[in-house]
Amino acid sequence: MSLELLGMIGGLALLDTLSPGTLGVTVYLLVSEKERVGSRLMIYLATIAIFYFSVGVALMLGLDALLSTLSSIFQNRIISWVTMIVGVGLFIASFYYPKSKKQSELPRPKSRSKTSMVAFGITTAFIEVGTAFPYFAAIGLMTSSKLAVYQWLPILAGYNFIMVLPPLILFVLHALLGSIMQKPLERLRIKLAKNTGSAVSWIMCIVGLILVHNSVNNL
């Protein structure tokens, strides 16, 4: 396992911290809720992290079995070409992704119960997993690098921790600074609502470039 691979996966994890949905819900809870916000936010973030981790493990095991089968039929160069095509496709599509300047409505929970936060976390994860380009790219990199389970399992866990780290930092700052954080959080909420499309576009562009770079090295 090379440092270059770890660096690329770490960079993809940092890209995933820009998730407008998870950040938006976190900001909404911190700004609008006064009671039990800490426990409800932790339940929400833990639900998302566990969901993504489970999806990642399933994909790693499934892709590993699939690539093992394909490797007996095709050369590894075929897989690199497919990776390059996907990367180029994401790079080109990033320029055409809609970047509306209008403020969109960020997701927010409709109930204050802890059970509803688990359900809302699963719903958010289901919605965002379809556009989790950095996560899928990281899984693809680990699979193509043929890492053993004891190697990719902690990397996957670390990736998911980094993914929910910004909301955790916002919560700690809110707990320490109290009302001082209200105005910065409200400005962040407005900014997230206005720039959701732009963030996704940049993520698609960078992930595409990383995939192209990795596939060129394997050709």
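Helices (H or I, at least four residues) and strands (E, at least two) are DSSP runs, numbered from the N terminus. This is a predicted model, in which local features need pLDDT of at least 70, side-chain atom pairs count only at pLDDT 80 or more, and totals for chains, interfaces and linings use all residues. Residues are numbered from 1 along each chain as its sequence is written, and side-chain values use heavy atoms, with hydrogens and water left out.

**The whole chain**

The chain holds ten helices and zero strands. From the N terminus on, its elements read α-α-α-α-α-α-α-α-α-α. Of its 219 residues, 41% count as buried. Buried means under 20% relative accessible area, exposed means over 50%, and partly exposed lies in between (1.4 Å probe, protein chains only). Contact means heavy atoms within 4.5 Å. Among the chain's contacts with a separation of 6 or more, 86% join residues 24 or more positions apart.

The expected span of a helix is 1.5 Å times one less than its number of residues.

| Helix | Residues in helix | End-to-end C-alpha distance | Expected span |
|---|---|---|---|
| α7 | 15 residues | 21 Å | 21 Å |

Start with α6. This helix is mostly covered, with nine of its twelve residues buried. Among them are Phe133, Pro134, Tyr135 and Ile139. After α6 comes Lys146, whose phi is positive, near 55 degrees.

Ser145 sits in the loop between α6 (133-144) and α7. Ser145 counts as partly exposed, at 34% relative accessibility. Ser145 and Ser2 are 143 residues apart in sequence, yet 9.5 Å apart in space, C-alpha to C-alpha.

Next is α7. Its buried residues are Gln151, Trp152, Ile155, Leu156, Tyr159, Asn160 and Met163. Seen down the helix axis, the buried residues of α7 fall within an arc of 150 degrees, so they line one face. The arc is that of the directions from the helix axis to the C-beta atoms.

In α8, the buried residues are Pro167, Leu170 and His174. They fall within an arc of 60 degrees seen down the axis of α8, so they too line one face of the helix. The face of α8 turned away from this buried side carries the exposed residues Ala175 and Leu176. Gly178 follows α8, and its phi is positive, near 60 degrees.

**How α7 meets α8**

Two packed helices are described by the angle between their axes and the distance between the axes. Helix α7 (residues 149-163) and helix α8 (residues 165-177) pack at about 45 degrees, with their axes 5 Å apart. Axes are lines fitted to C-alpha atoms, for helices over the stretch in contact, and angles run from 0 to 180 degrees between N-to-C directions. The two helices are therefore oblique to each other. Angles under 35 degrees count as roughly parallel, over 145 as roughly antiparallel, 65 to 115 as roughly perpendicular and the rest as oblique.

Phe161, Ile162 and Met163 of α7 make the contact with Leu165, Pro166, Pro167 and Leu168 of α8. These residues divide into seven nonpolar, no polar and no charged. Ala, Val, Leu, Ile, Met, Phe, Trp, Tyr, Cys and Pro count as nonpolar, Asp, Glu, Lys and Arg as charged, and the others, Gly among them, as polar.

**A buried aspartate**

Asp16 lies in helix α1 (residues 3-16). Asp16 is buried, with a relative accessible area of 8%. Leaving out residues up to four places away in sequence, Asp16 touches Pro134, Tyr135, Tyr159 and Met163.
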